[in-house]
Amino acid sequence: MLTLALDVGGTTIAAGLVDPAGALVHTATRPTPNSPRAEDVWAAVADMIAAALVAAQGAVRAVGVASAGPIDVSSGTVSPINITGWRGFPLRDRVAAAVPGVPVRLAGDGLCMAVGEHRYGAGRGARFLLGIVVSTGVGGGLVLDGSGYGGRTGNAGHVGHVVVDPDGQPCSCGRRGCVETLAAGPALVRWARANGWEAPPSVGAKELADAARSGDPVAVQAFQRGGAALAAMIASVAAVCDFDLVVIGGGVANAGPLLFDPLCAALAEHSGLAYLGGLRVAPAELGGNAGLLGAATLAGL
């Protein structure tokens, strides 16, 4: 029997079938419709589900759903900031209707990433883990004492909205200076452009990383600034949760040492508390599959 896993984000929708050993035996992705109509986005998800069910040949035992947030696990609804048509959208019930007769588990995409990396990726063996996704936003999830922790509503670990600069830029959450406003890919590019980096309007964090590798000083500084902001956030969250390990993935993390070197240097400066001294930071290993594997795990794989 297989577990059907879905990962619904503002950019991409992914579906996978996971066997009892944790192997992805089927995967598919498609762009998330850029539509204000809730049913347009749902139609894309429904198509992915239908195709996965055909591939599974009826052998689905459970469904795990990772969704961009905020979510509400008690009602099974989602209101992703980057899917404007979904506000209080009943995603769990819609999926349950599309796959009748099997249990459906809904969780935040950051939690699913953390759980996936903890079980199958860079976080194996860690008891207390923070997973972070640095992409068009900054998301996260918690593994506490070996188990994924979603909190009261399912949104625990949403570290992108930890404030690191109270006088900083406005954030989509309504506050100022959240780490997402400094370290997410669009924030890095926006800062670099404001400080003299010249590039065509369509380019993003990948091109900024290429420029930094070529020695562009503004591009290098953009990653240094983003890494320092992430370090400040990590130190604050780690002081509360006492982690073994922080695993960082997402498109911006693909910059590698451009991001991780300044991050680790700044984190060392923030780690004055003795119990933070052993905190390790590692790049994620599973890429885009982490959310699918985490969702399948939470569904009872």
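## Helix 7 and its surroundings

Start where helix 7 meets helix 8: Phe223, Gln224, Gly226, Gly227, Ala228, Leu230, Ala231, Ala232, Ile234 and Ala235 of helix 7 touch Leu258, Leu259, Pro262, Leu263, Ala266, Leu267 and His270 of helix 8. Contact here means heavy atoms within 4.5 Å, and helices (H or I, at least four residues) and strands (E, at least two) are DSSP runs numbered from the N terminus. This is a predicted model, in which local features need pLDDT of at least 70 and side-chain atom pairs count only at pLDDT 80 or more, while totals for chains, interfaces and linings use all residues. Residues are numbered from 1 along each chain as its sequence is written, and side-chain values use heavy atoms, with hydrogens and water left out.

By class, the contact of helix 7 with helix 8 has 13 nonpolar, four polar and no charged residues; Ala, Val, Leu, Ile, Met, Phe, Trp, Tyr, Cys and Pro count as nonpolar, Asp, Glu, Lys and Arg as charged, and the others, Gly among them, as polar. As for geometry, the two axes come within 7 Å and cross at roughly 45°. Axes are lines fitted to C-alpha atoms, for helices over the stretch in contact, and angles run from 0 to 180 degrees between N-to-C directions. Helix 7 and helix 8 are therefore oblique to each other (under 35 degrees is roughly parallel, over 145 roughly antiparallel, 65 to 115 roughly perpendicular, and the rest oblique). The crossing of helix 7 and helix 8 is right-handed, that is, with the near helix turned clockwise from the far one by less than a right angle.

Helix 5 packs on helix 7 too, at an angle of about 135° and with the axes 9 Å apart. That makes helix 5 oblique to helix 7, and this crossing is right-handed. Helix 5 brings Leu188, Trp191 and Ala192, and helix 7 answers with Val218, Gln221, Ala222, Phe223, Arg225 and Gly226. Sorted by class, that contact holds six nonpolar, two polar and one charged residue.

Now for the core. A nonpolar core is a set of buried Ala, Val, Leu, Ile, Met, Phe, Trp, Tyr and Cys residues joined through side-chain atoms within 4.5 Å, where buried means under 20% relative accessible area, exposed over 50% and partly exposed in between (1.4 Å probe, protein chains only). The largest one has 47 residues, and Ile132, Leu208, Phe223, Leu230, Ile234 and Ile248 touch the most other members. Elements giving two or more residues to this core include strand 8 (129–134), helix 5 (185–194), helix 7 (217–241) and helix 8 (257–270). Helix 7 gives the most, with 12 residues. Zoom in on leucine 230: leaving out residues up to four places away in sequence, it touches Val134, Val138, Val179, Ala183, Leu259 and Leu263. Apart from this core lies another, of 29 residues, among them Leu4, Val41, Val78 and Trp86.

Alanine 114 sits in helix 3 (residues 109–120) and is buried, with a relative accessible area of 0%. Beyond its neighbours within four places in sequence, alanine 114 contacts Leu129, Gly131, Gly141, Leu142 and Val143. Histidine 161, in the loop between strand 10 (147–149) and helix 4, counts as buried at 12% relative accessibility. Alanine 50, in helix 1 (residues 38–56), counts as partly exposed at 40%.
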